[in-house]
Amino acid sequence: MNSGRKNNAEQYLRMYRQMVRIRVFEDQANQLYLSAKMPGLTHMYSGQEAVAVGICEALTNEDRITSTHRGHGHCVAKGAEFKAMFCELLGKEEGYCRGKGGSMHIADQNHGNLGANAIVGGSTGIATGAALTSKLLGKGNVTVCFFGDGATAQGLWYEVMNMAALWKLPIIYACENNGYSEYTATAEIAAGAITARAEAFGIEAHRIDGQDVLKVNELAENLVSRARKGEGPFFVELETYRFSGHHVGDINREYYRSKDEEANWRLNRDPIKNFGDWLESQSIADADELVAIGNEVKASAEAAVAYALDAKFPDSSEVDMHVYVGVDHALPYIDGSSK
Amino acid sequence: MTREITHSQAVNEAIAEEMRRDERVILIGEDVAEAGTPFKVLSGLVEEFGTDRVIDTPIAEPGFMGMAIGAAMTGMRPIVDLMFGDFLFLVMDQLCNQAAKTHYMSGGKLKVPLVLRTNLGATRRSGAQHSQSLQALVAHIPGLKVALPSSAHDAKGLLKSAIRDDNPVVIFEDKLSYQDKAPVPEGEYIVPFGEANVVREGNDVTLVATSSMVQVCCEAASLLEANDISAEVIDPRTLVPLDERTIIESLKKTSRAVVVDEGHRNFGVTAEIASRISEKAFYHLDAPVVRMGAMDVPVPFSPALEDLTVPTPQAIAANAGRIFRGDLLHAI
């Protein structure tokens, strides 16, 4: 844990609460899946909370992020609220995307979240383009591109990282290395050091413990403020761990990782538990206060789930809406009969 | 006032006018700045608008396509220059999985106002990877609009519509016609999407033709006229949206159609238009609808072979004559 205690209890408790909100959200989502109340499946962020929260805490509402298929954590950390998120996961009209995106496509542009992406590495171009906009408009906004270790195998990232470096774009590439590319250990898919890939473009690269929210936040604050001044881009590899399988249905996974390994991370490197212990050790909060935060968050999540379960599905007339901007219904438009 | 300018100049004018009108419009692609592209279509733009808005990229089509999408989602209006239509295969994920679906997947909250300018057309002796006409690929994907100008006039008017559109638009220029001249108004005008152009009126057979095939069909119509067959030539101008009504109305008059597009014939643009005619004008038809397109082979390099792969005025006139005379093209 970071030994240098900052005199900022309010911020610490906000970060703690945000991490708890992500964990509780995922626990509820998992229950929805196990009880067959959620269509499709979803990818749990549990275990990686310190990454999303430590980084997003350093961003303003006008700063932007792009997210991944394992994106609920980024969405919560950037400011989304439970009700519209659960509605989206259940395909309901009041979801962030009117139920048309689902877990893998949640976007929340009011908080600068340009969207989760179901193509691994698919958002690296979008994020870099958002950073190009920031540079052209000169407003000092920063974009954080979240992606996993698996995405480092995709070519697109190298193309856009090259351009980001050439044009000094205000972007931070945040690689969450959770040790597994779907069902395959990262060591089997990544040759050499991942940081070296960014360094090859002359990009300043960092590798840090992604379970320590204070360390993550300290680095993020530094890089974000430097990126605002035109010193970007930057790359950060955050060493982390996904507590669950690749997705909620990935239950029997001993063929690619052991139960001992999982137990060790849960016991010793849980970012929420460790940060809670630190808050207590620094007398920023006592155990009862942390339990109260957990209970309060859980109650609000349960209320949001109940609300979402009762919420309306979109009307069938919505099926061909929002295909084209400025076109109410796509089908008569496409064949010219709406003229 | 009208003057004659080339297709290439028309494209350049459209971009320059829109960049003057709206500072969010930027150009991005390979050698778009000082080089003005290999076709010199963009010459002079960087001098007027600077390198912040006319952005030369490395040779990285998926990369700059993806960046254009992100820029479009955050307030810019990028025009992406894809040097050859064949490179569409390189950008398909970004174009079709990202740009085309973002508005829908976000429930209407995010939009991607960008234009992908590229080209089509064979017989330039460029080989199989620089000669394809791939408009069918993108017309298949909901969320994209697809425009196919066939003249300098439409190249300018459709491109201006595309730049003002809040959706991703793919516009294919016929790279063999960049130096062709046509009358173009001096002043401001646009060509709206979804409005077909009746290029030539006729009564006996309808030739529905896109892009490079419009001029070829006009030549076919002249050949037919010499044999007292009156051909109507219709250019849909946009595939998405498609002005079905103008095509169907023509069929009600002529009862016969040949549909011609330079893409491969199999599973192509012509198949779509022919089937819509069959579905919506069946009882007006006196003959099967004939499809003509590029031969279903990779485009060969040798001129002796390449010329065999594209529809010619003679071949189109021959097919039109056959259906006019009632020589039905029976299946075996």
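A residue counts as buried if 20 or more other C-beta atoms lie within 10 Å of its own. In this predicted model, A:Arg98 is buried because 23 other C-beta atoms lie within 10 Å.

**Chain B as a whole**
- The secondary structure of chain B comes to eleven helices and 14 strands, and its radius of gyration of 20 Å is close to the 20 Å that the globule rule gives for 332 residues, so chain B is as compact as a globular protein of that length.
- The C-alpha trace of chain B spans about 60 × 45 × 45 Å along its principal axes, and buried residues make up 57% of the 332 residues.
- Of the contacts in chain B between residues at least 6 apart in sequence, 80% join residues at least 24 apart.

**A covered helix in chain A**
- Helix α2 of chain A, residues 49-56, is mostly covered, with eight of its eight residues buried; among them are A:Glu49, A:Val53 and A:Cys56.

**Backbone features**
- Most residues other than glycine have a negative phi, and most peptide bonds are trans.
- A:Arg98, in the loop between α4 and α5 of chain A, has a positive phi near 55°.
- B:Arg237 has a positive phi near 65°, lies in the loop between β11 and β12 of chain B, and is buried, with 28 other C-beta atoms within 10 Å.
- The peptide bond from A:Gly232 to A:Pro233 is cis, with omega near 0°, and A:Pro233 is found in the loop between α8 and β7 of chain A.
- The peptide bond from B:Val240 to B:Pro241 is cis, with omega near -5°, and B:Pro241 is in the loop between β12 and α8 of chain B.

Terms used:
Residues are numbered from 1 along each chain as its sequence is written. Chains are lettered from A and ligands numbered from 1 in the order in which they are written. This is a predicted model: local features need pLDDT of at least 70, side-chain atom pairs count only at pLDDT 80 or more; totals for chains, interfaces and linings use all residues. Helices (H or I, at least four residues) and strands (E, at least two) are DSSP runs, numbered from the N terminus. The radius of gyration is taken over C-alpha atoms; the globule rule is 2.2 Å times the number of residues to the power 0.38. A residue is buried if 20 or more other C-beta atoms lie within 10 Å of its own, exposed if 12 or fewer, and partly exposed in between; C-beta atoms are placed from the backbone. Two residues are in contact if their C-beta atoms, placed from the backbone, lie within 7 Å.
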